[in-house]
Amino acid sequence: MEIIGGLLFLLSAMLIIGVLTTKFSSRLGVPSLILFLIVGMILNRFIYFEEVRLTQFIGILALIIILFDGGTQTKWGRMRPILVPATSLATLGVFITTIVTGVAAMYILDFSLLEGLLLGAIVGSTDAAAVFSVLGNKNFNKRLTSTLEAESGSNDPMAVFLTVMLIEMIQIPDMSIWSAVGGFFLQMGLGLGLGLLLGKITVVVINNIKLDISGLYPVLAMGSAVFTYALTDFLGGSGLLAVYVMAVFVGNSDLTHRFSILRFNEGFAWMMQIVMFTLLGLLVFPEQLTAVFWEGILIAIILMFVARPIAVFVSMLFMKYDVKQKLFISWAGLKGAVPIVLATYPILSGLENSNLIFNTVFFVVLISALVQGSTLSWLAEKLGLTEEEEDGNASIELINLGNTDSEIMKVTIPKRSPAIGTSLIDLELPDATLIIGITRNKKLLTPTGTSIIEKGDTLFVLSDKENRKKAKIALLGKQKHQEV
């Protein structure tokens with residue numbers, strides 16, 4: 001019982017301290033993952049923890065949940081125009097970063113070429129959790145934000161593939177590189193195809209199944225995401241890519257219980273971030289980091305100022321982004337949990353310099369997240385890449401009313417809505433559709449027939465599923481309805 005009590009105390013301390021650190025994170029302007037990692041390193045002084053395989057398992061599970069949360073909140077209307085540059089960054093960009101950083105690591109750490117490239121592959125991808133947390137509440141240029149979120153959500157498969165391939169090449173020197181290239185296209189193809197297929201199945205199941213407890217719908221959605229990863233990985237595909245594709249499809253579909261699913265995802269993703277980063281911090285002994293202090297700083301500098309910019313400018317060579325935008329994308333290549341989780345692969349594979357690789361990667365991630373994450377807002381302002389925050393961005397949330405066919409839509413009126421200036425009595429809403437509440441300037445208004453709709457109003461609309469689409473068009477207009 002003492003062991004169980006100790007573990008529960010540790011878990012509760014991780015969650016409580018982790019949640020409290022998010023407040024300091026936003027004030028200091030640094031990614032919350034930095035503070036979670038520091039908490040883990042502090043707890044390391046009192047708790048001996050060396051469960052690498054357990055940490056890897058929890059890390060992968062956390063990445064699934066974080067990608068599912070980020071994907072469901074990604075708007076396809078914004079993502080579609082930037083699909084080509086994001087894909088190029090997620091593949092060619094990661095490959096170039098791996099080469100440049102790997103060659104530098106070979107000389108700095110006295111590694112073989114394959115060992116240097118392995119370290120480069122591990123730190124080659126940007127981290128979805130770090131990027132989503134830093135970009136989420138800022139008023140950066142929407143096109144750049146969408147590009148970075150799409151890149152960070154889809155570049156993990158390339159980093160995983162390169163890491164696994166290079167470990168195999170180190171262990172099996174006569175391994176054919178062409179078989180590895182073929183394996184890459186197989187993994188990506190299966191990940192994309194199964195992600196779309198399982199996303200469609202998930203939407204059909206959620207919209208048609210009748211569960212007695214509405215709180216189980218978010219659990220069903222999350223279970224579908226984990227199943228998507230497990231099945232795709234079992235069949236030889238990229239599980240992380242499949243989860244992200246599946247999540248984007250689910251998030252952009254007409255989904256029952258959307259509100260509860262998205263809120264559950266958000267809270268669960270934060271909890272997994274706290275647990276994952278704290279556990280990763282527990283694996284690190286500060287005295288070991290001092291052994292790679294100067295080497296880690298030098299590799300981090302090369303990664304931030306040389307490798308990432310070269311990768312961005314080359315992979316986006318003929319795309320319609322100006323120099324300022326490319327500089328911002330270069331600086332926004334935040335590192336986070338993915339490199340540290342990938343750094344456990346060489347340890348579990350028993351490679352000779354695995355501990356040195358892990359400590360170097362941890363140090364590089366710490367510097368990258370701290371320096372780049374804390375200066376991203378400043379750089380955006382200096383480059384003129386911020387936008388004024390609009391009160392009237394179109395958004396819709398659905399609140400399902402138990403086992404009935406009715407739902408409450410929470411609709412935010414955009415500035416180009418055809419409903420602006422119209423009284424409720426003159427609004428052409430479908431039958432059996434009522435506006436039951438209006439919030440304006442943080443005040444709740446009781447709607448009457450003479451109430452006039454204004455830009456930025458949030459309307460609570462009671463409607464059945466059949467009339468939902470007509471109600472959206474009446475409030476948002478046809479084009480905005482399609483985007484949302």
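How much space lies in the second largest pocket? The second largest pocket holds about 490 Å³ of space. The model shown is predicted: local features need pLDDT of at least 70, side-chain atom pairs count only at pLDDT 80 or more, and totals for chains, interfaces and linings use all residues. Residues are numbered from 1 along each chain as its sequence is written, and side-chain values use heavy atoms, with hydrogens and water left out.

**View A. Lining of the second largest pocket.** A pocket is an open set of points on a 1 Å grid over the protein atoms alone, where a 1.4 Å probe fits, with protein on both sides within 12 Å along at least five of seven lines; lining residues have an atom within 4 Å of a point. Its volume is the space filled by probe spheres set on the points. The lining comprises 20 residues, of which Leu83, Thr87, Leu192, Leu241 and Val245 lie nearest the centre of the pocket. At least two lining residues come from each of H4 (76–79), H5 (83–108), H8 (142–154), H10 (177–208) and H12 (239–251); helices are DSSP runs of H or I with at least four residues, numbered from the N terminus. The lining has 16 nonpolar, four polar and no charged residues. Here Ala, Val, Leu, Ile, Met, Phe, Trp, Tyr, Cys and Pro count as nonpolar, Asp, Glu, Lys and Arg as charged, and the others, Gly among them, as polar.

**View B. Packing of H3 against H13.** H3 (residues 52–72) and H13 (residues 258–282) pack at about 150°, with axes 8 Å apart; axes are lines fitted to C-alpha atoms over the stretch in contact, and angles run from 0 to 180 degrees between N-to-C directions. The two helices are therefore roughly antiparallel (over 145 degrees). Their crossing is left-handed, the near helix being turned anticlockwise from the far one by less than a right angle. Contacts (heavy atoms within 4.5 Å) involve residues including Ile58, Ala62 and Phe68 in H3 and Phe268, Met272 and Leu279 in H13. The contact residues divide into 14 nonpolar, five polar and two charged.

**View C. Packing of H5 against H6.** H5 and H6 (residues 113–122) pack at about 130°, with axes 7 Å apart. The crossing is right-handed (clockwise). Among the residues in contact are Gly102 and Ala105 of H5 and Gly116 and Gly120 of H6.

**View D. Crossing of H8 and H16.** The axes of H8 and H16 (residues 323–331) come within 11 Å and cross at roughly 40°. Arg143, Leu144, Thr147 and Leu148 in H8 meet Gln325, Phe328 and Ile329 in H16.

Notes: Angles under 35 degrees count as roughly parallel, over 145 as roughly antiparallel, 65 to 115 as roughly perpendicular and the rest as oblique.
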